[in-house]
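Read it alongside the structure below.

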Amino acid sequence: PELLDWLAREFIRCGWSIKEMHRLIMNSSTYQQSSIVTPEHEQLDLDNDLLSRFPMKRVEAEVLWDTLLLISGRLDETPFGYPDRVNVRADGLVTAEGTENGWRRSIYVEHNRKQNMTILECFDLPRPTPNCLERKQSTVAPQALHLLNNQTIDKLTLSFADRVTHEAGADLAEQIQKCYDLALSRSPTPAEEKLALQALGQLRQARSENESDPDRRALADLCHILINSAEFIYID
């Protein structure tokens, strides 16, 4: 309560400027904390009541979909206009209609009560009804299964791999670096790079029997692994 009172007074002092409040909060040491739980945290603030660490949170459904489009190079940045229609497939999945440039951001996708995009529904998109007071967050098996098995996700990982090859060339180390840069906004550790190189070799060998381009498919598999990692889906 004391913190909220102080922030309220600062809000008034700053001329009711929301930008000033955003700047104040986001530059604070509290906001910039890691989510790592230390023995000291466990002893003094087990439930994080004192905001001693950043609470781990998953990205919102819309952010997840838009990020997948962005890193794969399939984000159509055309603004405004009519909403993009959705298709209800024979298997019950609901997908957005793409354009020749890919797909637009989820804010431009048609939303209604019965036919929302499956990936957005799966990751807790708030239903567009008057009584939706807050966004829920669940952790259920269909979320992981969707990212692992969905055909659209598979196509996006191939596009992701094509972008990596275009920007990083044929060198495997450079490709791994670019994959981590795009998906996780950081460089791989030496251990991660070594493991990724081993994985690419094994994946290429496994794909060589049934694929005409095993190198492309193996790189897409690595991209698929990264977007299924907790670091991609959760904010630290």
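Arg 104 lies over the face of Tyr 108, at 4.3 Å from the ring centre. This is a predicted model. A search of the whole structure finds two aromatic pairs and 18 salt bridges.

**Aromatic pairs**

- A whole-structure search gives two ring pairs. In one of them, Phe 11 and Trp 16 have ring centres 5.3 Å apart and planes at 75°, so the geometry is edge-to-face.
- Phe 11 is partly exposed, at 25% relative accessibility. Trp 16 counts as exposed, at 55%.
- Trp 65 and Trp 103 also pair: their ring centres are 6.1 Å apart and their planes stand at 70°, so this pair is edge-to-face.
- Trp 65 belongs to helix H4 and Trp 103 to strand S5, so the pair ties together parts 38 residues apart in sequence.
- Both Trp 65 and Trp 103 are buried.

- Asp 66 and Arg 105 meet through their side chains in a salt bridge, at 3.9 Å from N to O.
- Asp 66 sits in helix H4 (residues 61-71), while Arg 105 sits in the loop between strand S5 (103-104) and helix H5 (118-122), so the bridge ties together parts 39 residues apart in sequence.
- Asp 66 is buried, with a relative accessible area of 15%; the cut-off for buried is under 20%.
- Arg 105 is partly exposed, at 40% relative accessibility.

**Salt bridge between Asp 91 and Arg 89**

- The side chains of Asp 91 and Arg 89 form a salt bridge, with 2.5 Å from N to O.
- Asp 91 is exposed, with a relative accessible area of 51%. The cut-off for exposed is over 50%.
- Arg 89 is partly exposed, with a relative accessible area of 27%.

- Arg 204 and Asp 215 join in a salt bridge, at 2.3 Å from N to O.
- This pair links distant parts of the chain: Arg 204 is in helix H9 (residues 190-207) and Asp 215 in helix H10 (residues 214-227), eleven residues apart.
- Arg 204 is partly exposed, with a relative accessible area of 39%. Asp 215 is partly exposed too, with 45%.
- A network of salt bridges with shared partners joins Asp 154, Arg 207, Glu 211, Arg 217 and Asp 221.

**Nonpolar surface patch**

- Which residues form the nonpolar patch on the surface? They are Leu 3, Trp 6, Leu 24, Ile 25, Met 26, Tyr 31 and Leu 51. Together they have about 640 Å² of accessible area.
- Helix H1 (2-13) and helix H2 (18-26) are the elements that give two or more residues to this patch.
- Helix H2 contributes the most, with three residues.
- Leu 24, one of the patch residues, is found in helix H2. Leu 24 is partly exposed, at 32% relative accessibility. Patch residues need over 30% relative accessible area, so Leu 24 passes that cut-off at 32%.

Methods. Residues numbered from 1 in each chain as written. Predicted model: local features only at pLDDT ≥ 70, side-chain atom pairs only at ≥ 80, totals over all residues. Heavy atoms only, no water. Patch = residues over 30% accessible without salt bridge, like charges linked within 9 Å, V, L, I, M, F, W, Y side chains within 5 Å. Areas by Shrake-Rupley, 256 points an atom, 1.4 Å probe, with all protein chains shown as cover. Salt bridge = Lys/Arg side-chain N within 4 Å of Asp/Glu carboxyl O. Helix = DSSP H or I, 4+ residues; strand = E, 2+ residues; numbered from the N terminus. Buried < 20%, exposed > 50% of the residue type's maximum accessible area, 1.4 Å probe, protein only. Phe/Tyr/Trp six-rings, centres within 6.5 Å; stacked < 30°, edge-to-face > 60°. Lys NZ or Arg CZ within 6 Å of the ring centre and 35° of its normal.
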